[in-house]
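Please consult the sequence and the coordinates alongside the text.

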Amino acid sequence: MHDLLIRQLKKTGLSESSPPSLQNWLAFLERIDRTYQEADQERYLIERSMLISSNEMMELNEKLENAQHIAQLGYWIYDNQQEIITWSKEMHHLIGLDSNQTMPTYQELLDLLHQEDRELFHELVQKSFNEGEAFEIEIRLKDRDGKFRWLNLIANPQKNINGEYYLSGIAMDISKRKQAEEQVKKTQAQLLTSVRRAAMSEVATHILHNIGNILNSTNISIEMIQEVLKESKIKKIIHLMEMMKPHESAIADFILHDQKGKLILPYLINIREIIQQEFNKLLTESSQLKHHIKFIKEIISAQNILASKSSILETVTLSDIINQAILLSGEFQKLNIEIQKSISAIPSLISDKNKLTQIFLNLIQNARESLIACKAVSHKRIDIVATIKNNFLQIRVSDNGVGIAKDNLTKIFSFGFSTKKNGHGFGLHSSALIAQELGGKLHAESKGPNQGASFILTLPLNKTPHLKSLLHEKQI
Amino acid sequence: MKNKYDFRILIIDDNPEIQQDFLKILTPIKLNAEITNLDEKLFGESKHNKPQLPLLQIDLASQGPEGLMLVKKAQKEHKPYAVAFVDIRMPPSWDGIQTIKEIFKVDKNIQIVICTAYSDYTWEETITELKQNNLLILKKPFDKVEVKQLTYFLTSKWQAANPPKK
């Protein structure tokens, strides 16, 4: 018998074993009747609240689906034991399936992936099942129209009641972001090219000035040589010999007694010094010519290296590059700037010579300008020191010039920012970009204004720069 | 009393080799009177077949302020420069334009030639900047003849404007 019925019997004073009195019986019936009514009421209330909450659930679900649709984000679960994939409606949209189409299998999904992403994706999924490791990956998935869509997929392994892993996670359409990224990349590459061109023209101006000066001296040397030769007393000696020739048989008489012959000896004595001077002049000018031409050759060969457009990875010797950059940076001695180098112990590395030269050229030119602007320092110096730390090569270019305010230490690398009066603000910007391209980085240190500055280029040793970006560069 | 030189010339250029170039061009070869005499007797060459060029006293400066100082000093001594050759690019101090501006402030008569290896300023920009159009531009690399011509032309121009005082 139901506990409640036993209780009702007790309350009305009835027992199971004997029939009740009429009065008791009526009381009992009334109680039972009330109980049924209460139960009805309760059931009604429960049914009503169930209806309400299921409506709410549906509404909530709808909202969730709507939110997923807006976010272009789908939710999925993959059980590899049962080989079942379940996912939210939005996943269908994401891969361009109708919502009534059947769910693809894992293998079918793999086939829809871009072949470059397939292997890595499968590997990550396997690892996740085996080791319970979560992962996030950007993949390209072919939609119904055969176009690839970019998805960002996050997977999170969870254990079922049997202690086996199943994967759940989200996928999000990031095609638009990817497109924007591509655009940014393109713009950046264009910027880099124009920055490089501007830097080149700066170098060209510099070279033009240098070569112009040297050519000037070369020109004058040649003209001086021509002048000496034109006026040379050597010609006079030839004349004298021609004058003496007819008198060969009686030369002593000619020199001693002839009216003209008498003048020959005094003439020779007089021009001796002039011929010596002419000779010295020719010697000086020709050696200067040689020196100047050598200098022009050096400048041109340094320029040639810079002028090559394509990126070539090769074994480069740091000291060569730095010497080249110094040569291209202009005059130091005349400005009383001392350059100290400590770079000899560094092994050669695989990198792009052209690009490295560009960075050093920029850093050394900056140091030079900073020292020129700094009138207070008596012993102006630039230190170039290379060290190796944990497989990274660090080259530090320091000067004791005008220094950098703390606020500007990172700003100086941004495009268009310059602390120089005539600066255009892309030298350091492009150098930092190139450093990145070479797999390294560039940063600045300074204790503050008038306390000098250091620029530190860090490059990976034993690791070749990412070829892809360099190839990409080539196509522009 | 006649000066040992006819004109004073000032070269302002930061490059010592360019300074030497000017010196080489403007320093005439000394003629030895004895040899000239002998040349005439031995070879019948005439004494007068070469023009006698004015004698120049040449001073060198490698920076703008240094050049200005020399100009001021020359003014004070009443032995002003007739011509100055000024390089356009002379780091770290003043550039040529600035230098010329400063020089014109103390000496209005001086004849100035601007030397450029390439042009930072165009001629139009230069004369606008200096509010002055009697400037000559000498482009590097220059020839001996150009420098000589400029020097002799400008010294006579200077002399015409500044007749020697008695």
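The sections below treat the basis of the model, then individual salt bridges.

## Basis and confidence

This is a predicted model, in which local features need pLDDT of at least 70, side-chain atom pairs count only at pLDDT 80 or more, and totals for chains, interfaces and linings use all residues. Residues are numbered from 1 along each chain as its sequence is written, chains are lettered from A and ligands numbered from 1 in the order in which they are written, and side-chain values use heavy atoms, with hydrogens and water left out.

The model scores ipTM 0.81 and pTM 0.52. Where pLDDT is low, the predicted coordinates should not be read in detail.

## A salt bridge between chains

Side chains of opposite charge can pair when their charged atoms come close. Over all chains the structure holds 22 salt bridges, each defined as a side-chain nitrogen of Lys or Arg within 4 Å of a carboxyl oxygen of Asp or Glu.

One of these joins Asp39(B) to Lys236(A), with an N to O distance of 3.3 Å. The pair crosses between chains: Asp39(B) belongs to helix α2 (residues 33-43) of chain B, and Lys236(A) to helix α7 (residues 234-244) of chain A. Helices (H or I, at least four residues) and strands (E, at least two) are DSSP runs, numbered from the N terminus. Asp39(B) is buried, at a relative accessible area of 6%, and Lys236(A) is likewise buried, at 10%. Buried means under 20% relative accessible area, exposed over 50%, and partly exposed in between (1.4 Å probe, protein chains only).

## Salt bridges within chain B

Lys140(B) and Asp13(B) form a salt bridge whose closest N and O atoms are 3.3 Å apart. Lys140(B) lies in the loop between β5 (136-139) and α6 (144-161), and Asp13(B) in the loop between β1 (7-12) and α1 (16-26), so the pair ties together parts of chain B that are 127 residues apart in sequence. Lys140(B) is buried at 5% relative accessibility, and Asp13(B) is buried at 1%.

A further salt bridge links Glu102(B) with Lys105(B), at 3.6 Å between the closest N and O atoms. Both residues are in helix α4 (residues 96-106) of chain B; because they are three residues apart, about one helical turn separates them. Glu102(B) counts as buried at 17% relative accessibility, whereas Lys105(B) counts as exposed at 57%.

## A network in chain A

Salt bridges with shared partners join Glu138(A), Arg177(A), Lys178(A) and Glu181(A) into one network.
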